[in-house]
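Hi,

Here is the structure I promised to pass on. Have a look at it first, and then read on for my notes.

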Amino acid sequence: MESHYGQKDPDGRRFTTRDLTASMQRASSGQLYAWKGVKPVSSRCWSFTIDKMKEFEAQGLLVYGKSGVPRLKLYLDKQPGTPVSDIWDDIPPINSQAQERLGYPTQKPEALLERIIKASSNEGDVVLDPFCGCGTAIAAAQKLNRSWIGIDITHLAITLIKHRLKDAFGDGVSKTYRVIGEPVSLPDAQQLAADDPYQFQWWALGLVGARPVEQKKGADKGIDGRLYFHDEPGGKTKQIILSVKAGHVAVSHLRDLRGVLDRENAEIGALLCMEEPTKAMRAEAAGAGFYKTPYGNHPRLQILMVGQLLEGGRIDYPPQYAREDRTFKKAPKAKKAGPEQKDLPIAAEPEAQYGHQPD
């Protein structure tokens, strides 16, 4: 629009101009005349009859150059354009270098979801995505001033969506939605742990902002999740190894975690558990010493109970203002955030309050 319709009328209407001459091969007797004393160059004639030219003049559609040769105005708002077909090849897929890429295997371009939402809804309408994955439809709906409901079966997806919304729209966005189906109390967490230990594991990792090592069930080499951070500008990326236990815990779990900590050359290890740690476990953790930074000393082995996390407890590592968190790839900031929506949820579990879902 800016390159091809770069001229504007005083009222702001965009237009371009076109040549009013044609090849002499198309000439008829009505196209051979002088217009205001000007004739086309040799071997050219006018494209229109003199009566049509008078009509253009009366409508204010003629523009004259220094030579006095007229050109016809073509207004952008009068052009039919090219309708979008049902094959959309003008939106490229998300490649490995795309700024919006979050690493989710089925992530779609935000421009694609914006087009779908714009074409099928108005501002203030409700957008439903029953398989919301990494939340592209939700982010697009928020940006386009739609309310929304997103549903996903895994707590991993819900955690990723919350991070994405925060990165794109700021901290305040968390006040504009509520999550249904996430544990909010210790009994809730115990029920989720009993129903589906893997969902409990992903949910518990989300409480501390950690990314699971893998999304599939199977061997994890003693690592359930990781946190990455920088404790000095431009310094080496540091990591926290996390282990999650939904059931009984013993001192052997701390010893195993300490071995993984040494093997991975990580700075801090944290055990997230449901049960109260034993005296022997606390002694094992204390014996691991501290990770020292300019901001203080942080225990190398830490034990955090789910009840503590639900009350705001966090892993002890360099404070937010002093570190550059590298755990989740940061979503681009939205250019325009939508208004707050009222009481429309991300639903963590579509058919049950917690945990297990049918295939």
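A word on terms before we start: buried means under 20% relative accessible area, exposed means over 50%, and partly exposed is in between (1.4 Å probe, protein chains only). Please keep in mind that this is a predicted model, in which local features need pLDDT of at least 70 and side-chain atom pairs count only at pLDDT 80 or more, while totals for chains, interfaces and linings use all residues. Residues are numbered from 1 along each chain as its sequence is written, and side-chain values use heavy atoms, with hydrogens and water left out.

Gln201 belongs to helix α6 (residues 197-207); helices (H or I, at least four residues) and strands (E, at least two) are DSSP runs, numbered from the N terminus. Apart from neighbours within four places in sequence, Gln201 is in contact (heavy atoms within 4.5 Å) with Asp224 and Val244.

Next, the sheet. Five strands form an open sheet with mixed pairing, in the order β10-β11-β12-β13-β16; two strands pair if DSSP finds at least two bridges between them. β10 (211-212) and β16 (301-305) are at the edges with a single partner strand each, so one side of each has no neighbour in the sheet. β16 pairs with β13 (residues 268-273) in the parallel sense over 5 bridges, and Leu272 stands opposite Leu304 in β16.

Helix α8 (residues 279-286) packs on this sheet, where α8 touches β13 and β16. Which residues of α8 are buried? They are Met281, Glu284 and Ala285, and they lie on the same side of α8 because they cover an arc of only 100° around the axis (taken from the directions from the helix axis to the C-beta atoms). Lys279 and Ala286, on the other side of α8, are exposed. The buried residues of α8 pack against α7, β13 and β16.

Finally, the salt bridges (a side-chain nitrogen of Lys or Arg within 4 Å of a carboxyl oxygen of Asp or Glu). The count comes to 17. One of them joins Arg258 and Glu284, with the closest N and O atoms 3.8 Å apart. That pair links helix α7 to helix α8, 26 residues apart. Arg258 is partly exposed at 27% relative accessible area, whereas Glu284 is buried at 16%. Arg226, Arg263 and Glu264 are linked in a network of salt bridges.

Best wishes

Methods: Axes are lines fitted to C-alpha atoms, for helices over the stretch in contact, and angles run from 0 to 180 degrees between N-to-C directions.
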